[in-house]
Amino acid sequence: SIEEGVEIFKNQPGSHVYTRYGNPTIEAVAQKIADLEVFGSTKTGYGLLTSSGMAAIHVACQSYLRPGDRILTQGNLYGGTTELFQKIFAPQQIQIEIADLDDLQKVEERLKTGTAQTIIYLETPSNPTLQCLDVQALSETAHAYGCKVIVDNTFATPVLQQPLLLGADLVIHSTTKYLHGHGVSTGGAIVCTEAETHFKLWETMKLVGSNSNAFDAWLINLGMKTLALRMERQSQNAFALARFLSTHPKIGKVHYPGLPQHPEHPIALKQMKAFGAMLSFEIGNSAEDAIHFANRVQLFAMAPSLGETDSMIIHPATMSHSKMDPHLRKKYHITDHLIRMSVGLENIEDLLLDIRTALES
Ligand SMILES: *Cc1c(COP(=O)(O)O)cnc(C)c1O
């Protein structure tokens with residue numbers, strides 16, 4: 001009836017009038033991710049599913065920021081995020097400031113300066129050196145200055161880390177990675193704990209048109225049925241590889257938050273349930289050494305994505321981080337002989353044998 005139509009057109013989330021506005025499958029999956037992000041607490045999670053992780057970041061920032069506002073962030077973000085900030089937001093008179101987010105005093109000094117409304121945007125663990133940032137401490141500092149905190153939780157997933165329970169205001173995901181887990185669906189998610197914020201985000205998403213679709217949502221839902229099992233097994237595999245690599249004479253620094261020598265191991269211990277399935281390490285002493293190794297391993301696909309059931313390898317200096325300012329690369333320890341691995345759920349003995357064989361060659 002027209003009366004029902006009037007209700008549906010009242011511009012509320014959950015109006016299944018048109019897929020860009022909403023769809024039952026999309027909403028069920030968004031709610032599942034939101035429930036996981038607040039699991040174990042009394043908070044209510046509100047979720048949105050977007051067409052990609054980048055769309056989620058765009059919708060989140062676009063909803064909060066106005067000309068004159070500021071994004072305070074780290075230099076070692078996901079490459080696409082840095083480009084989004086510099087190419088899309090900076091020309092809209094949004095100030096992009098790179099700071100050492102691991103130095104709370106410096107963060108506070110920045111927040112004291114200027115009158116710009118600020119968002120602190122962070123990733124932990126970060127790519128590719130698995131730097132961990134203290135979400136609770138950063139959120140407390142940010143809130144003392146009336147600032148919002150957005151955390152990209154793609155690497156950890158809510159199974160290993162729940163930033164909203166540590167004080168963050170918004171969580172972002174590229175569901176393309178672990179949440180889906182099988183590399184055949186692109187998607188993103190935003191989770192918040194306030195209905196009002198959710199409405200604002202939903203409206204931006206609806207108007208920009210960066211919504212998900214029923215089929216991708218359905219695929220993400222299938223993948224998420226094994227999320228906890230995958231995170232457990234893949235974290236175990238990564239930890240075993242990190243331990244092996246850290247004692248090998250041809251390997252230099254190993255970046256894995258579970259290792260006691262990792263600089264932010266205490267932070268990871270405090271805020272993560274396990275240390276995830278991403279790791280990186282230096283091999284030999286040149287880019288040639290790293291490339292040689294990467295070309296020799298057989299079970300690790302040479303591929304820039306991550307978070308799938310299959311193991312993957314890249315050489316950040318020539319691949320994922322090749323466009324990064326060389327000074328920043330150096331500062332964040334992204335050396336020319338660094339290799340990054342996304343560890344899958346293959347048999348650990350097979351992975352170890354493959355790596356050992358490649359190292360011997
Ligand atoms: C892949 C990724 C993104 C971007 O997600 P897409 O789904 O590729 O748009 C953002 N942040 C992190 C940490 C990622 O790994």
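Colleague: Which residues does F293 touch, not counting residues up to four places away in sequence?

Modeller: Contact means heavy atoms within 4.5 Å. By that rule F293 touches F281, I283, I313, I339, M341, I355, A358 and L359, with residues up to four places away in sequence not counted. This is a predicted model, in which local features need pLDDT of at least 70 and side-chain atom pairs count only at pLDDT 80 or more, while totals for chains, interfaces and linings use all residues. Residues are numbered from 1 along each chain as its sequence is written, and side-chain values use heavy atoms, leaving out hydrogens and water.

Colleague: How many residues does the largest nonpolar core have?

Modeller: In soluble globular proteins, nonpolar side chains tend to be buried together. A nonpolar core is a set of buried Ala, Val, Leu, Ile, Met, Phe, Trp, Tyr and Cys residues joined through side-chain atoms within 4.5 Å; buried means under 20% relative accessible area, exposed over 50%, and partly exposed in between (1.4 Å probe, protein chains only). Here the largest core has 56 residues, and L279, F281, F293 and M341 have the most contacts inside it. A second, separate core of 24 residues includes V59, I71, Y121 and C192.

Colleague: How is an aromatic pair described, and what kind do F281 and F293 form?

Modeller: The description uses the distance of the ring centres and the angle of the planes. Rings of Phe, Tyr and Trp (its six-membered ring) pair if their centres lie within 6.5 Å; planes under 30 degrees apart count as stacked, over 60 as edge-to-face and the rest as tilted. F281 and F293 form an edge-to-face pair, 5.9 Å centre to centre with 80° between the planes. Both residues are buried.
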